[in-house]
Amino acid sequence: MATAARILSAIILALVLIFLIMPIAIVIPISFSPSTIFSFPPTGFSLRWYENIRNADGILRALWLSTQIAGLSTAISLLLGTLCAIAIVRGFIPGGRLVATFMTSPLMIPGLVLGIAMLQAAREIGLRDGYAALLLAHVVVTMPFIMRTVLASLALFDFAMVDAARMLGCSYPAALWRVLVPNILPGFVSGALFAFIVSFDNYPVSIFLVDVRTKTLPIQLLNQLEMSPDPTLAAVATIMVVLTILALLVCDRLVGLKRMAAV
Amino acid sequence: MTSVARPAPASGRPPAYLQVAQLTKRFGSATVLHDLNLTVEKGEFVSLLGPSGCGKTTLLRLIAGLMRPETGRIVIADRELTRVPAHKRQVGVVFQNYALFPHLTVAENVAFGLTNQRRSRDEIKRRVGEALQLVRMAPFADRSVSALSGGQQQRIAVARAIVVEPAILLLDEPFSALDRKLRETMQIELRHILRDLGITSIFVTHDQDEALVMSDRIAVMNEGQIEHLGTPADIYTSPKSLFVLEFVGLSTRLGGTVVSSHGGEVEVETAFGRMRAPAQFRPGSPVVVAVRPEAISIGESEGDGRNVVRARLTDVVYLGAKTQLHLRGERSGDLIQAEIARLPPGGLPSGSELALTWRVEDTMVFPAPASAAS
């Protein structure tokens with residue numbers, strides 16, 4: 001009986017894994033297909049769709065924009081989120097727990113609602129620059145991911161270390177930089193990684209804020225799909241999968257995935 | 001009540017090395033330190049001793065500059081520090097849990113302060129080596145600090161604090177995380193190191209034995225004030241208040257009322273009879289009569305100049321170095337506890353009638369606390 005149950009659970013596990021991985025796995029061979037339509041299995045091998053990325057209208061530009069927005073919003077969230085988390089954990093501000101909940105609340109609001117709200121807010125304050133509005137919205141979207149991991153890391157951090165660094169000649173900001181930052185680096189890295197990915201493939205918030213000149217990659221890809229559905233999209237997707245795996249490997253080297261998963 | 005620090009004394013005496021004057025610190029509506037004064041001479045080792053919440057750690061953090069006082073001044077070596085930020089004070093601190101930097105090696109931890117001072121690579125290497133030698137941790141220089149035992153971590157914390165040659169060293173209950181045996185060894189060792197270096201040190205503890213062993217002087221703190229500042233012997237033999245008496249060492253205490261006072265001696269009516277003591281109190285004052293355990297003798301005749309308590313022994317509690325006697329008064333039925341250094345040969349059977357006696361000059365008298373004295 002026990003053996004039968006074990007075999008059964010192994011089969012279920014395998015099926016779930018296949019279910020999760022399959023769509024991603026299928027996109028990779030399609031990207032190397034010579035055919036102009038999505039066909040599986042592919043009938044040959046070609047790199048034409050990778051070359052086509054360059055020709056496809058606006059994909060590279062959208063990729064560059066998305067990278068900028070994701071990078072900048074992650075960096076801003078890291079800086080502001082960490083300072084805010086320190087203030088909450090150290091009790092510098094009254095009602096810190098409430099602030100922490102508030103800062104992570106965008107996580108619980110549907111992206112569409114957030115997008116409409118952001119659009120309204122940008123109009124109200126007269127923010128006409130699409131880029132700035134997009135960046136601000138993405139700071140809001142990425143902040144919860146940074147806050148959660150940094151708060152969790154700080155809960156385990158002994159702030160006496162910061163005092164010790166100050167007594168040894170570091171100003172408060174220098175003490176944070178030299179002692180706090182290295183010790184909660186795993187939290188930073190995993191928070192930043194999540195934040196970057198969340199911003200990079202955000203669709204529902206971005207769709208309200210993009211204009212003709214500023215289109216992020218997910219929106220550009222969807223446009224492309226509507227206008228000329230060919231395996232160029234699969235090529236872009238494959239590149240993104242590879243980049244994600246590379247990013248995970250770098251993080252593993254930097255702080256170790258186990259430590260990252262622990263925060 | 002304690003030696004009062006005036007930043008610029010009118011007398012010809014040079015000002016003390018550390019002067020803390022009229023220091024007040026509040027947290028919200030709670031006053032943690034109240035108009036506190038303290039002076040420490042160069043090279044002295046002074047303990048701040050008191051129960052938790054007495055303000056001793058707050059005083060330490062104020063001297064370190066990790067907190068700002070509401071009023072008052074802090075001067076070290078003629079340098080006014082009250083408004084100087086922590087990192088420019090040249091004050092060293094050994095924290096309770098050592099606060100070593102786990103991302104750095106032992107040597108890098110010790111080098112941390114010197115690096116901030118932008119010392120040359122050679123100088124840092126030499127001084128870190130010397131400091132590690134001093135705390136007998138030289139072979140561990142390249143280890144990770146998380147791989148060290150509690151005692152070893154403490155040595156590194158001390159090395160890290162003294163390598164920068166601070167103007168003063170503050171120690172915040174550095175032994176509390178160590179087991180008893182190790183604690184005793186480290187106390188002596190640390191005392192020797194600091195004395196040899198001549199570092200002025202302030203040591204926070206709630207452990208009276210630790211304070212008695214290590215200090216040149218002890219400041220017994222209670223409710224944000226220093227109740228008694230004196231040498232360990234002074235604190236023990238002539239405590240300035242009932243609190244100090246009770247906090248440091250063992251004692252037997254009897255509540256009573258002064259019935260007469262003449263010639264520097266008072267007579268006090270207690271539930272165990274009349275006691276005489278060298279003191280000045282107005283007749284009618286509620287007081288507490290106290291005696292240290294080693295002054296008490298058992299079963300001796302009531303010679304001249306001795307106070308006597310007659311009571312029935314109800315219980316004997318053996319505590320190793322001391323023995324506690326639980327006694328019931330013959331006349332009143334009141335209970336008292338007497339602490340004595342050792343039992344007489346043959347022991348004491350429960351229920352026996354005892355006469356405890358001690359010399360009048362060993363008797364201490366304190367005003368009774370506002371709440372009921374017993």
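**Ground rules**

I number residues from 1 along each chain as its sequence is written, and chains are lettered from A and ligands numbered from 1 in the order in which they are written. Since I work from a predicted model, local features need pLDDT of at least 70 and side-chain atom pairs count only at pLDDT 80 or more, while totals for chains, interfaces and linings use all residues; side-chain values use heavy atoms, with hydrogens and water left out.

**Entry 1: chain A overall**

I looked up the secondary structure of chain A and got 12 helices and zero strands. (Helices are DSSP runs of H or I with at least four residues, strands are runs of E with at least two, and both are numbered from the N terminus.) Read along the sequence, the pattern is α-α-α-α-α-α-α-α-α-α-α-α. The C-alpha atoms fill a box of roughly 70 × 65 × 35 Å along the principal axes.

Next I checked burial: 42% of the 263 residues in chain A are buried. (Buried means under 20% relative accessible area, exposed means over 50%, and partly exposed is in between, using a 1.4 Å probe and protein chains only.) For contacts, meaning heavy atoms within 4.5 Å, I took pairs in chain A at least 6 apart in sequence, and 70% of them join residues at least 24 apart.

Chain A exposes about 14600 Å², with carbon and sulfur atoms supplying 72% of it. (Areas are from the Shrake-Rupley method with a 1.4 Å probe; for residues, only the protein chains shown count as cover.) I also located the charges: the mean positions of the 16 positive and 11 negative ones are 8 Å apart. (Lys and Arg count as positive, Asp and Glu as negative, with His and the chain ends not counted; the places used are NZ of Lys, CZ of Arg, CG of Asp and CD of Glu.)

**Entry 2: the annotated spans of chain A**

UniProt, in an unreviewed entry, gives "transmembrane region" for several spans of chain A, including 98-119 and 232-251. (Its positions are in the numbering used here, feature names are shortened, and annotations may be inferred rather than shown by experiment.) I compared two of them with the model. Residues 98-119 are 73% helix and 0% strand, and the end C-alpha atoms are 26 Å apart. Residues 232-251 come out at 100% helix and 0% strand, with end C-alpha atoms 29 Å apart.

I then stopped at A:Val189, which lies in helix H9 (residues 185-200) of chain A. A:Val189 is buried, with a relative accessible area of 12%. From A:Val189 to A:Val205 I count 16 residues in sequence and 24 Å in space, C-alpha to C-alpha.

**Entry 3: chain B overall**

Chain B has eight helices and 20 strands. Its C-alpha trace spans about 75 × 50 × 40 Å along the principal axes. Of its 374 residues, 51% are buried. Among chain B contacts between residues at least 6 apart in sequence, 64% join residues at least 24 apart.

The accessible surface of chain B is about 17300 Å², and 49% of that belongs to carbon and sulfur atoms. I find 43 positive and 40 negative side chains, with the centres of the two sets 7 Å apart.

**Entry 4: domains of chain B**

Chain B divides into domain 1 (18-246) and domain 2 (250-373), bounds that come from an automatic or database domain assignment. Their C-alpha centres lie 39 Å apart. Nine residues from domain 1 and 11 residues from domain 2 make the contact.

The UniProt record (unreviewed entry) places "domain: ABC transporter" at residues 18-248 of chain B. I get 36% helix and 26% strand over that span, and its end C-alpha atoms are 25 Å apart.

**Entry 5: helix H1 of chain B**

Why is helix H1 (residues 56-64) of chain B largely enclosed by the rest of the structure? Seven of its nine residues are buried. Among them are B:Leu59, B:Leu60 and B:Ile63. B:Gly65 follows H1(B), and its phi is positive, near 90 degrees.

Most residues other than glycine have a negative phi, and I went looking for departures. B:Gln22 has a phi near 45 degrees and sits in strand E1 (residues 18-27) of chain B. At 30% relative accessibility, B:Gln22 is partly exposed.

Is B:Glu173 buried or exposed? B:Glu173 is buried, at 8% relative accessible area. It has a positive phi of about 45 degrees and is in the loop between strand E7 (168-172) and helix H5 (180-197) of chain B.
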